[in-house]
Every structure is written in structure tokens, then in C-alpha cells.
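Please consult the sequence and the structure while reading.

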Amino acid sequence: MKGGKGLKKLEYLSLVSKVCTELESHLRLRDKVLAEFITDIGRNCEKLEDFAAQLKQHGAVMPDYFVRTLLTIIHAIFPPSAKSKSAKESKRESKKSSFPGAKIGDGRKRVKELERQIETETKDDDRRERRRNDRHGSYEPELYQVYKGRVSTVLEKGCFVQLSEFRGKEGLVHVSEIATGRRIRNAKDVVKRDQEVHVKVISVSGQKLSLSMRDVDQNTGEDLLPLKKRSGDDYSFRTNPLGSNSEGPKTITGLSGIRINKEDVPVPSRRPLKRMSSPEIWEANQLVAAGVITRVRENPMYDEEGDGAVYREEGAEEELEIELNEDEPAFLQGQSRYSVDMSPVKIFKNPEGSLSRAAALQSALIKERREVRDQQQRTMLDSIPKDLNRPWEDPMPETGERHLAQELRGVGLSAYDMPEWKKDAFGKSLTFGQRSKLSIQDQRDSLPIAKLKHELIQAVNDNQVLVVIGETGSGKTTQVTQYLAEAGYTTKGKIGCTQPRRVAAMSVAKRVAEEFGCRLGEEVGYAIRFEDCTGPDTVIKYMTDGMLLREILIDENLSQYAVVMLDEAHERTIHTDVLFGLLKQLVKRRPDLRLIVTSATLDAEKFSGYFFNCNIFTIPGRTYPVEILYTKQPESDYLDASLITVMQIHLTEPEGDILLFLTGQEEIDHACQCLYERMKGLGKNVPELVILPVYSALPSEMQSRIFEPAPAGKRKVVVATNIAEASLTIDGIFYVIDPGFAKQNIYNPKQGLDSLVITPISQASAKQRAGRAGRTGPGKCYRLYTESAFHNEMSPASVPEIQRINLGMITLTMKAMGINDLLSFDFMDPPSPQALISAMEQLYSLGALDEEGLLTKLGRKMAEFPLDPPLSKMLLASVDLGCSDEILTIIAMIQTGNIFYRPREKQAQADQKRAKFFQPEGDHLTLLAVYEAWKAKNFSGPWCFENFVQSRSLRRAQDVRKQLLTIMDSAYVRYKLDVVSAGKNFTKVRKAITAGFFFHAGRKDPQEGYRTLVENQPVYIHPSSSVFQRQPDWVVYHELVMTTKEYMREVIDIDPKWLVELAPRFFRAADPTKMSKRKRQERIEPLYDRYHEPNSWRLSKRRA
């Protein structure tokens, strides 16, 4: 009892502290007594209105949003007590009501109904077009006519009805117009969602329709109050009561939910009017007043290209003030980012520990190295004689003169020159890994799993679910599928095997096809995002876990498969975690399906416990003892410490190769460069050290060099990311150096951003890394952290991906499967409710979910594409806007990563070539220009070489584009997705991009750089961007990349009006009569003066 009271006291103190912090950050007051007073008022107030009234009564005038925030914080810890209910009842109800948005009942019925509606709509399209044309070409509903419709949304004060005859047209039936003879207080009591109704158009105001149900017999559709028809001359009045000359184009709602202007006459494009500063406007007015300017045409504010009007107010129009729309949908009431304090995922077990400090220091050092490198680059460019930058004027230079000039500029001739250490490591001739003298069959028989072949087949036969544990290199990935095929499982269906990485799925399928004795794509194939290499004969299919998830979306019973194997399950990717839950349900429905879960780590008990305490099959590994060595003191600079350790091992330890784990490409390249220079400095008497890097961006032929044994008398050091932890098996490693860090993708739900952060690894990963040293013989593992840090600062297992990344795409996929109750879904490690709410909030603002948190037709269409929700929305918006051809190319180019190649020795030349493709509107259109230029050159390889463009990336973009086109074609039957080009109308393309990425909008900051509209975060345009010189006022970016600053990647210039037009759920135009939130933050407050009253500094007061 005493403990309970103490806990309550602690809760109260933490709440007071939180209120205190909020007061300080919003009102610059830090007063504990005031915080306690506000807390007590909040605890006793159930409603926001009561709380606001009480505060006003006591003289506290605060902004509405801040009052709401304070009450939400107080009620989160001390919910208002309902006196009438018992404690048990209220507890149950509060549990139910917390996060209602993620607790909607499941059911595929609604999804199937949506699919049926979409198909019916598309089939009826042609019939509608014909009917409209028959009606004197009318595209609008007629006034006082009766139409059939369907209730799309039900609110308290009425309902929205979608008219069946007019695609995208819907109107409002007010609660007073629903039924006759009785008064209805709430529309939800009378009408239901998706109910078929008859409505009459009673008024048309611009694009808004007012409808009535009470004037129509709901059974027969007969008009109960018919009006006399007007004559044919007045037809236009009926279709448009505001007059046939009313301005503004006709608008229809497209399939992406955005309103499209159907303009009869194309408006010629005008150059944007130059915004005049306040002094310039004042000067122009003074000149007019003084009589210096007599003719209108001389006025600086005269618009030559327009209708000749003086655009005096143009500056005011440009200064459009936009703010976030804080109206919460019903299903997120009190749960969105405006009301809940969403903090980033905690990834450090001990934020104050030595490992956290080392990670922060290394991030700062990486930033510093980049700045130094950029400075050196600028100095080098400044030292180039300026006349060498001019085009050559001498038509017949002396031999070698032109070459010499290019060397002077430091830009060389070849686009692909390597640094010295890389030349030394990879040499001229590239080989493809270690060649074995054994035949393929002998190699298979030498694997540890071969001895247990019959036991394994028997175990799969006897158990519906089986967990298989085996060291990396034991052969489980390549052999299990073949053993089951030989045992006859392929007669019942396919054998599917998932991989967490694309590269693994492709390379494993290639190897298995060789062993199986077939061509890749026949009996053995693979499927990864944007690439399907399977055929009708495929019986063994390797795929990424995301691809199997998409197959479940189409066929929930996976009826084509007899066996599903989830390989490398210990990696716990987001897709694997969702597959766990779905397959756990599926094995109950399909007793004939066999499920195998394989892992390389020792967390088999957790997997077994999750899958109904199933049996565990262990493959003994070829492991030797490994000596673990810790540092006595924490290492502040782990990179430098790891290089010293490599040198010490090389100079003092017996022969054996070294494996060093680092966090990323940049760190690895820097380490290899330093190591090469230090070895060179030791002279020729020291044995040679072969330095080999491994990271995913390295070409596969270079990656394969790490498998070759080191030449006699030399030692090999492999510098790798955590890809070498479990995915790769390198023989000959005797020494492992583990600094204890890796890069992890972390999502911040408050800012809506993903970022790669250097974080300490888990104890499981540390054990996995140490195990790499004991594959060939007894080895050593040098851990560059203390034993205390291992036990106290590293978590036992890594944080699963599902708990630290954006859940937008996975939430949409699950909603499309009919899984609405996301909180009750059987996750092995459930994600935080805040992360789910954040994902649903994003989907709602994109239009994929409705007011009740259920999937919309747009959401179902978005789920069809293997893209992130913003990209899917962008593609569907492009179909409406008539620029889908261009958007397909842009999406394909964005998906492939970096297109331009910028070798360190040839940066100036690469930048010159890149600048040729720049488009003034933004980087997305620059990418489009590169692809179109490559296409014009018949997809030429040499052209890529000349223009410093990565041909591999462009070929991948071409493949992605083809795959998306295939989906568009297959979806055409159901959704009518046309591929149309906008020609030179880039405004359409920019609008489509804004429709998908509106929450990545930024506004120019008067001081420097930009500020994001969502969190007012300072961000910058990267110098390599095509809009860097222009610095437009409003931009939308694809993503943020943190290097020396927070840079925006792929930036495009936009019109701020589009944000309100294309994303009304997210943005709204600020009330011009009130001070906006942004201006409130920018308001200059004087320093606190205790001797004078608050406004005494103002000039008006002083004059008085």
C-alpha cells in the first residue's frame, strides 16, 4: 500500500516537472508553484472548455493550442474520474479508449467491398461518358434533379453522398434535409455508411452541392416536390445557377482524391511576377504621388503580359501564410502529434555511458573530416588558372598540351580513377571469388548440414512448424530447399524461401540453380522488388520478405506454396516481423503448409515459444574457441583505436587474416586510406597488408575479392560493415576487431523523419562478431570497449526494425489485408502505439484512410504499388494531372539512389557535366532530363562514362520503370491508370510531386537556409542541387540527409497555394486577422526588465 502511494507521488512530481518544462518553452516561465496550481485545475476539469474558463478566471491568458496541450499532458497521467462508474468499469473503458484509432475491428469484408466498388466504377466509366454526352455535353449535376448515390461519410450534422452518375462528385445532405416529419439530432442515427440513397440537388454554389433526401421517395426515387422545368434557353441556369459566365474552371475529383481543373481553354504560361520589396513599392508610390510618373505604363508595378492592371497587391498575394491544419479526425481524437508528446525511439540503453559518448564523438569527427575535405576541394579549385576553364580556342594544340591542362585542373581524363589504396587492393585484373577444386556435388557433401539431411527431412515431415538453428556457412539457405524438393514437396506446391536482403536473394538463387542443374528463372528463380526472375516451371523461389508479404496481400492463403522458409529470421526486419504474425495465423488455417524459421543466432527459444513451442533443429557448426580481449579504459575515438589494433596484430601476432567491423562506406574508405598511408610509412621491411573493404555499394566483383586467400607471406585485413556479421562467411579469419558500433535507421515520429545513427550494437551481435574468428581455427576477438560497457551499456538483443522505423507502408499493407486492429495483432515484439498512430496520421493526410480510420478507395489503389505511401500517392496524382509518364521515370530514378558519379580526383569535371542537366524547376526534373538524354542516346554505356553517370544505376532505373509500368497495365483493368506525358508542362509534374510529399515542404528563412513547415527545423539546399543558386521561396524535398548540416535531397520549387489545394487535411491558409504561429515564434521579445512595466520599451509609451 505504501509502495502504491509512493508511485502516485512520483507520478505527480513527474507531471509537475513536465508542466513546468512546457511553461518554460512556451511562455518562458519556470515556476513550480504555478505548475502545481495548473495541474490541480486540470485534474478536476473533464472538458477543455472548463479548463480554459478556469484558467481565464484566474488571470491566465494562454493560446488555445497550449491550453489543449496542457490538459492532454495532465489527463495522460491523471485521467478525470467518472463518479458514476465503478473503478473496474472505468479501468476497462479507459483501456478500450486509449488509442482507439489502432483498435478498429478486423475484417476483409470492407476491403473486398472497396475492390468491388472500384471495379464497378471503372466498368461504368464508358457508360457514364456516353450518358453525359447525350445530355447536351453536361459534365455537372443539374439543379432540382434526382440522382442515385451512396453515403460516403456520416457526420453528426449530416452526411456526404457520392453521386453514382458523376465520378468524383459528392454533396452534403444536412441533418435537416434527411427525413420529413421528425427532428433528427444526429445523422448517424438514421443513415449508415455505404447506404444506397436517392438525393435531389437543391443548390449549387461553385463546386459545392447541397442535397436533400427528404424531397425524394427513397424506395422508388420519385421526386416528391417536383419543380416546373425551365425552357431550353435557361438550361445553363439549371446546370450553373451562378450564371454561365461565372469565373473559374470546372473541377472534378480524380482517383487520387485531388481536385483537377478541367479548363476548356489552355491558359498561356506567364512568367512569374517579380516580387517587389516593401521599399520598392513605397518608392514607386512616391514617384506617382510626386507626378514624376504620369503614364500608367511607366509605373514599375505595371504588368505588361497580363491584362494591363497595376499589380499593387501582388506582393501581398505572394506573402501567403500557411499553417498546419490541426483538426484531428474522429479516430485520432486526442492521439495525433498535436496532442501526444511523441519522442524518438530510445536506442541507447545508457545515454550517458562511454559507448554513447564515443558514438557522438565519431559522428562529430566524420562531420569535421567532411568539412576539411570540402575546404581542400575549394582551395584546389581556386588555385586553377582561370583561363583554363574557358573552352579551347587553339584548334591545333601541341601534343599532350590539352591533357596537361586537364591534369593542372585536377580533373584527369578518366571518370573512374581509383584512390591509390583501392588500386593496390583490387589491382587491374578482377576475379570472381575463390575457385574450388571440388565438384559441385562434393562441395554440397562437405557442408555441415549434409550429414543431417535425412533427419532434417524427417523433422519437417513430423512438425508443421520447425525452427532451424545453424551457423552462417552451414548450408541451411542453399540446401534445405533442395532437400525438400528431392523429398517430393514440390508435387504439392512451391517451396518459398525469404531473404532480408535483395542481394542475398539473387546470389543464393543463382547458386542453387547451378547446384540444381537448371537455368536461373526455370525450376529455381527469385523475386525482388521491381524484378521477377521466375517462370511457370519454378518450384524453388527465393524472394525478399517484402515480396512474400505482397503475395499474401493478393492470396491470403498462399495456396501456391507447400513450404515457406523464413531465412535469416534473427535479422528481424519489419517485413519478417509482420510475416511471423500472418504465417502464425495461416498455419492454423492450412494444416498442410510447412513453415521453417531459420536463424544464425542463439535466440531459438524465443522463436520456438512464439510459434506454439515448436521443436528446434540444431546444425552443429565448425567452431573453435575464441579468446575475448577487452580494453581497460573506454576508447573515445574508436576508429583510430581500431587502426592501431590492426597494425599491432599485423606486426606482432602469428599469421591469420583480420576482420574489422566499422559502421559505413565513408568510415571504411577513410580507414582504408589511413591504414594504407601508415603501412607505407613503415617502409618495405614490414610484411605486406592487403586492405579489402566490404559494403553494399561496392560492385560485386570487388566484394568477391574478400573470399580469396591472401598470397603467401602477406596478411589480409577485411574492413566491413555488419553485413559480415551473419550474411557473409569469410574463411581464414583468425582475428576480429569489434569497436562495438553499427549504423541503424531510426524514425522520429515527432518530425516524421528517418535518420541513420551510429549506435552501440547488442550483446547478441557482439557474440556473433566474435564467432567470426573461430571458423578456421582458434582465434582472438579484440573488443574496443570495457567489459563493464558490454554488460551495462549493450542491450541483450538488437531493437527490432519494427520498433524503430516508419510504419507507413506496413500499416497500409495490413489495412489492405483487412487488419485494422493493429494493437491486437500478434507481433513478436509489438511496435509502440505512438509509431502506429503516427503512420495512420500520415496515411490519413494522404487520403488513404477516412475519418473513421478505415481504408479508402485511394488507399486500396496505393497498396497496389510496392512503394512508400507518398510515392504511391504521387504516382496516382500524376494519372489525374496527366503527367504519369514523367512521374514514372522520376520515381524509378529516386529509387535507385545516387545517379551521378563524382570521383575524388575528378570532382570539377564531374560537376561541370552534371550542371548541363540542371533544370531550373528542381532536382526531380534534373533526374528526368538525365534519363531522357540517356534514352535519346539509345541507352548507351559510353555516354554514361563520358557524363559521369552511373550506368548501373540507370539500368536499374530502367528496370524499376518497366516493373511499375507492368503494375500500371495490370491495374488498368481495375483502376484505369493511363500513362500520359505532360510534354513541357512541368507545372503538372511539380504539382504531382507536391501531392505526395507536401509534408516535406520548406519555406525560406530570412536569416539563412530554410525552415520545414512541420517542425520549423532549420534545413539547407545542398550545393550540388540545381536550385542552389536560385534559392526559391517555397520548396518540397524528397528526404533529409545529415552531413555537415541537415541537407534536403531532391528539391523542387513549388507554389505555396498548391499545399492548401492538394493537402487540405494537412495545411490550411492562415486566418489573415490573427497572428500566425510562425509569426508568433518570430516575434522579438525584449529582455526581462524587473524595474519597468512590460511594454515600457515601446516608442509609443516613451513619447507619452
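## An opening question

Does Glu864 count as buried, partly exposed or exposed? At 22% relative accessibility, Glu864 counts as partly exposed. The classes are defined as follows: buried is under 20% relative accessible area, exposed is over 50%, and partly exposed lies in between, with a 1.4 Å probe and protein chains only.

## Basis of the model

The model is predicted: local features need pLDDT of at least 70, side-chain atom pairs count only at pLDDT 80 or more, and totals for chains, interfaces and linings use all residues. Residues are numbered from 1 along each chain as its sequence is written, and side-chain values use heavy atoms, with hydrogens and water left out.

## Overall make-up

The secondary structure of the protein chain comprises 38 helices and 30 strands. These are DSSP runs numbered from the N terminus, helices being H or I of at least four residues and strands E of at least two. Of the 1104 residues in the protein chain, 48% are buried.

The protein chain exposes about 56,300 Å², of which carbon and sulfur atoms supply 51%; accessible areas come from the Shrake-Rupley method with a 1.4 Å probe, and for residues only the protein chains shown count as cover. Among contacts (heavy atoms within 4.5 Å) between residues at least 6 apart in sequence, 71% join residues at least 24 apart.

## Salt bridges

Side chains of opposite charge can pair when their charged atoms come close. A salt bridge here is a side-chain nitrogen of Lys or Arg within 4 Å of a carboxyl oxygen of Asp or Glu, and by this rule the count is 31. One of them joins Asp829 to Lys606, at 3.1 Å from N to O. This pair links distant parts of the chain, 223 residues apart: Asp829 is in the loop between helix H26 (808-816) and helix H27 (833-846), and Lys606 is in helix H19 (residues 604-610). Asp829 counts as buried at 16% relative accessibility, whereas Lys606, at 42%, counts as partly exposed.

Asp657 and Lys716 also form a salt bridge, at 3.8 Å from N to O. Asp657 lies in strand S18 (residues 657-661) and Lys716 in strand S20 (residues 715-720), so the pair ties together parts that are 59 residues apart in sequence. Asp657 is buried, with a relative accessible area of 9%, and Lys716 is buried at 2%. In a further salt bridge, the closest N and O atoms of Arg860 and Glu864 are 3.4 Å apart; Arg860 is buried, with a relative accessible area of 5%. Salt bridges that share partners also join Arg444, Lys453, Glu486, Arg511 and Glu515 into one network.

## Helix packing

The axes of helix H14 (residues 453-462) and helix H15 (residues 476-486) come within 10 Å and cross at roughly 75°. Axes are lines fitted to C-alpha atoms, for helices over the stretch in contact, and angles run from 0 to 180 degrees between N-to-C directions. H14 is therefore roughly perpendicular to H15; angles under 35 degrees count as roughly parallel, over 145 as roughly antiparallel, 65 to 115 as roughly perpendicular and the rest as oblique. Lys453, Leu456, Ile457 and Val460 of H14 make the contact with Val480, Tyr483, Leu484 and Glu486 of H15.

Helix H17 (residues 545-554) packs against H26 at an angle of about 25°, with the axes 9 Å apart. H17 is therefore roughly parallel to H26. Leu549, Arg550 and Leu553 in H17 meet Met809, Ile810, Thr813 and Ala816 in H26.
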